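Trainee: I have a new structure to go through. Can you walk me through it while I look?
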Amino acid sequence: MTTTQERGEGLDALPYNVFAKACPSRGTLEHVTGRWGGLTLGALYEGSLRFNELRRRVDGVSEKMLSQTLHALERDGLVHREAQPTNPPRVDYELTPLGRGIAERLLDLIHFVEGRMDDVLAARERYDETRGAR
């Protein structure tokens, strides 16, 4: 794995540093990499979805958590919310160009993890055997 410095990008060259406690990029990273944020971005990569469609796609998320997640992602400029003035109201969510770029990278990671789950499960089993876990 190459470091930032090996790629010729000095840490001082970046105006933001997620490792600094007060850096605003840390909050965005938390929104993107949290359980529901990453899954929501990944689901929306497939295209625009209504709230309940998105909730069904992200299995296990509560209505409250999905709503909070969407608000945070919208505030960060990653998700666009479009409300149609119909009766009943129709609200669609889709990725912004920035959100799409982030979702692409997340999906690469998601697919990598899914493709290596046999290795992960075997490692867990070895760990549990050596530690006497359940």
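Trainee: What joins β2 to β3, and through how many residues?
Mentor: A hairpin of 5 residues connects β2 to β3. Before going on: this is a predicted model, where local features need pLDDT of at least 70, side-chain atom pairs count only at pLDDT 80 or more, and totals for chains, interfaces and linings use all residues. Residues are numbered from 1 along each chain as its sequence is written, and side-chain values use heavy atoms, with hydrogens and water left out.

Trainee: What counts as a helix or a strand here?
Mentor: Both are DSSP runs numbered from the N terminus: helices are H or I with at least four residues, strands are E with at least two.

Trainee: Back to that loop. Which peptide bond is cis?
Mentor: The one from Asn87 to Pro88, with omega near 0 degrees. Pro88 is in the loop between β2 and β3.

Trainee: And the sheet, what order do the strands take?
Mentor: The order is β1-β3-β2, in an open sheet of 3 strands with antiparallel pairing. β1 (49-50) and β2 (79-84) are at the edges with a single partner strand each, so one side of each has no neighbour in the sheet.

Trainee: How many bridges does β3 make with β2?
Mentor: β2 and β3 pair over 6 bridges, in the antiparallel sense. Two strands pair if DSSP finds at least two bridges between them. In this pairing His80 stands opposite Glu94 in β3.

Trainee: What about β1 with β3?
Mentor: β1 and strand β3 (residues 90-95) pair over 2 bridges, also antiparallel. Leu49 stands opposite Tyr93 in β3.

Trainee: Changing topic. Which strands does α2 lie across?
Mentor: α2 lies across β1, β2 and β3, and runs at about 95 degrees to β3. For such angles, axes are lines fitted to C-alpha atoms, for helices over the stretch in contact, and angles run from 0 to 180 degrees between N-to-C directions.

Trainee: At what angle does α2 cross α5?
Mentor: Helix α2 (residues 35-44) and helix α5 (residues 97-115) cross at roughly 105 degrees, and their axes come within 9 Å. α2 and α5 are therefore roughly perpendicular to each other. The classes are: under 35 degrees roughly parallel, over 145 roughly antiparallel, 65 to 115 roughly perpendicular, the rest oblique.

Trainee: Which residues make that contact?
Mentor: Gly38, Leu41 and Gly42 of α2, with Ile102, Ala103, Leu106 and Leu107 of α5. Contact means heavy atoms within 4.5 Å. By class there are 5 nonpolar, 2 polar and no charged residues. Ala, Val, Leu, Ile, Met, Phe, Trp, Tyr, Cys and Pro count as nonpolar, Asp, Glu, Lys and Arg as charged, and the others, Gly among them, as polar.

Trainee: How far apart are the axes of α2 and α4?
Mentor: The axes of α2 and helix α4 (residues 63-75) are 10 Å apart, at an angle of about 75 degrees. α2 and α4 are therefore roughly perpendicular to each other. Trp36, Gly37, Thr40, Leu41 and Leu44 in α2 meet Met65, Leu66, Thr69, Leu70 and Leu73 in α4.

Trainee: And α1 with α2, what angle there?
Mentor: Helix α1 (residues 25-33) packs against α2 at about 65 degrees, with the axes 4 Å apart. His31, Val32 and Thr33 in α1 meet Arg35, Gly37, Gly38 and Leu41 in α2. That contact has 2 nonpolar, 4 polar and 1 charged.

Trainee: Last one. What sits over the ring of Tyr45?
Mentor: The charged end of Arg100, 4.0 Å from the ring centre. A charge sits over a ring if NZ of Lys or CZ of Arg is within 6 Å of the ring centre and within 35 degrees of the ring normal.
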